[in-house]
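Trainee: I am new to this structure and would like to learn how to read it with some care. Could you take me through it feature by feature, giving the general idea each time before the particular case?

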Amino acid sequence: HCYTDCSCNFDIYDLVIRNHKLKGVEMNLTSAINWILRTLGKEIKYENRPQGFMHQVNNRLEEIDWFDSMFVKKPVEIPMQIHSDLILNLFSGKPHPAFLEDGISEDTMKKFEIMYYEKTNRIVIPHRYYKTGEIIGLKSRSLNFEDIDKGYKYIPMKIQNVSYSYPTFQNLYGLHQNQSIIKKLRKVIIFESEKSVMQFESFFPNQNFSVALCGSNISKLQVEMLLELGVEEVIIAL
C-alpha cells in the first residue's frame, strides 16, 4: 500500500514496473519477475504450467519458515548518508505564504529551517538525524500544479542528480529538535506528517513533544529511539 500520495495497493511486480516507468523504462510482468530474481540472486526455471514459474528454494517446510519468522529479529540499520549544511545556501529562508496559511508561524519555520527553492518552485523541509543533528535528507513540497496532479506533491529533493532521500524508518522527524522536552515530559505525540509537528510548535511554542513518522507505519528502530528517552506515554495522532 502506498502511504504517500496515490494510496494504491499493488504487489511487488507492479511496484517494480511502476518504479522503472518513473525512470523511463517500460517493463512487463515477465521482465519484472526476471529483475526481481536477478536482484535476489535466485535461479529461475520456466515450465509450461499455469502457475508460471518455479525457482530453486531450500527444502525446508513452509511451517518451519513461518515458525522462524515468529522470533524477534534485531532491526537492520542502513548507513546514513550525511549532507553538508552548505546545501541550504541554495535556498531562500523567507517564510512561504503556503505554510503560513496552514497555521505554521515564522518562528516555527526558522526552528525547523523551512526554506524555498525558487529553481523548482518547491518548499524545502530539511531532515536532521536525531543523534547528531546532521542533515540526512531534504523533502520538498511542490507548488507546481502539474507535479501535484502527477502525485509528486511531497517527494525528496533531487539536485544535480543527487537524491536527498533516506530510509525514514531509521529516524523520526522533529526528534532532533524536540527530544529534550520529550525526555523531560516522558511522553510523545506521534504524527504522520512533518507539517503536524510544525503546527504543534506554532500552537505551543517551545513546548513541542511531537515527532512525525513521515508515513503510517512505525518501525522497531523508531520505537527504540523513544524508549531510550524514557517515554512512558505515547499519543498516536495519525
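Mentor: Let us begin with burial: a residue is called buried when its relative accessible area is under 20%, exposed when it is over 50%, and partly exposed in between, using a 1.4 Å probe and protein chains only. Glu-194 is buried by this rule, because its relative accessible area is 3%. Before going on, please keep in mind that this is a predicted model, in which local features need pLDDT of at least 70 and side-chain atom pairs count only at pLDDT 80 or more, while totals for chains, interfaces and linings use all residues. Residues are numbered from 1 along each chain as its sequence is written, and side-chain values use heavy atoms, with hydrogens and water left out.

Trainee: How many helices and strands are there in the protein chain?

Mentor: Helices (H or I, at least four residues) and strands (E, at least two) are DSSP runs, numbered from the N terminus. The protein chain has nine helices and 11 strands, and of its 238 residues 35% count as buried. Its accessible surface, found by the Shrake-Rupley method with a 1.4 Å probe, where for residues only the protein chains shown count as cover, comes to about 15,200 Å², and 54% of that belongs to carbon and sulfur atoms.

Trainee: Which residues touch the most other members in the largest nonpolar core?

Mentor: In soluble globular proteins, nonpolar side chains tend to be buried together. A nonpolar core is a set of buried Ala, Val, Leu, Ile, Met, Phe, Trp, Tyr and Cys residues joined through side-chain atoms within 4.5 Å. Here the largest core has 34 residues, and those touching the most other members are Phe-99, Ile-114, Tyr-173, Leu-175, Ile-182 and Met-198. Two or more residues come from each of strand S4 (122-128), helix H7 (175-185), strand S9 (187-191), helix H8 (194-203), strand S10 (210-212) and helix H9 (220-228), and S9 gives the most, with four residues.

Trainee: What does Phe-99 touch, leaving aside residues up to four places away in sequence?

Mentor: A contact means heavy atoms within 4.5 Å. With those sequence neighbours left aside, Phe-99 touches Ile-104, Met-109, Ile-114, Ile-123, Ile-125, Lys-195 and Met-198.

Trainee: Is Asn-178 buried or exposed?

Mentor: Asn-178, which lies in helix H7, counts as buried because its relative accessibility is 0%. Among the residues that Asn-178 touches, not counting those up to four places away in sequence, are Lys-111, Phe-112, Glu-201 and Ser-210. The side chain of Asn-178 also reaches the backbone oxygen of Ser-210 at 3.0 Å.

Trainee: How many salt bridges does the count come to?

Mentor: A salt bridge is a side-chain nitrogen of Lys or Arg within 4 Å of a carboxyl oxygen of Asp or Glu, and by this rule the count comes to seven. One of them joins Arg-128 and Asp-85, whose closest N and O atoms are 2.9 Å apart. Arg-128 lies in strand S4 and Asp-85 in the loop between helix H3 (62-69) and helix H4 (97-100), so the pair ties together parts that are 43 residues apart in sequence. Arg-128 counts as buried at 11% relative accessibility, whereas Asp-85 is partly exposed at 40%. Asp-85, Glu-113 and Arg-128 are linked in a network of salt bridges.

Trainee: Which residues meet in a salt bridge of 2.4 Å, N to O?

Mentor: Those are Asp-102 and Lys-195, which meet through their side chains. This pair links distant parts of the chain, with Asp-102 in the loop between H4 and helix H5 (106-111) and Lys-195 in helix H8, 93 residues apart. Asp-102 is partly exposed, with a relative accessible area of 34%, while Lys-195 is buried, with 14%. Glu-194 forms a salt bridge with Lys-139, the closest N and O atoms being 3.3 Å apart; Lys-139 is in strand S5 (residues 135-142) and Glu-194 in helix H8, 55 residues apart.

Trainee: Where is the place of Ile-218?

Mentor: Ile-218 is in the loop between S10 and H9, and it is partly exposed because its relative accessible area is 42%.

Terms used
A polar contact is a pair of N or O atoms within 3.5 Å; within protein, one must be able to donate a hydrogen and the other to accept it, and residues adjacent in sequence count only if both atoms are side-chain atoms.
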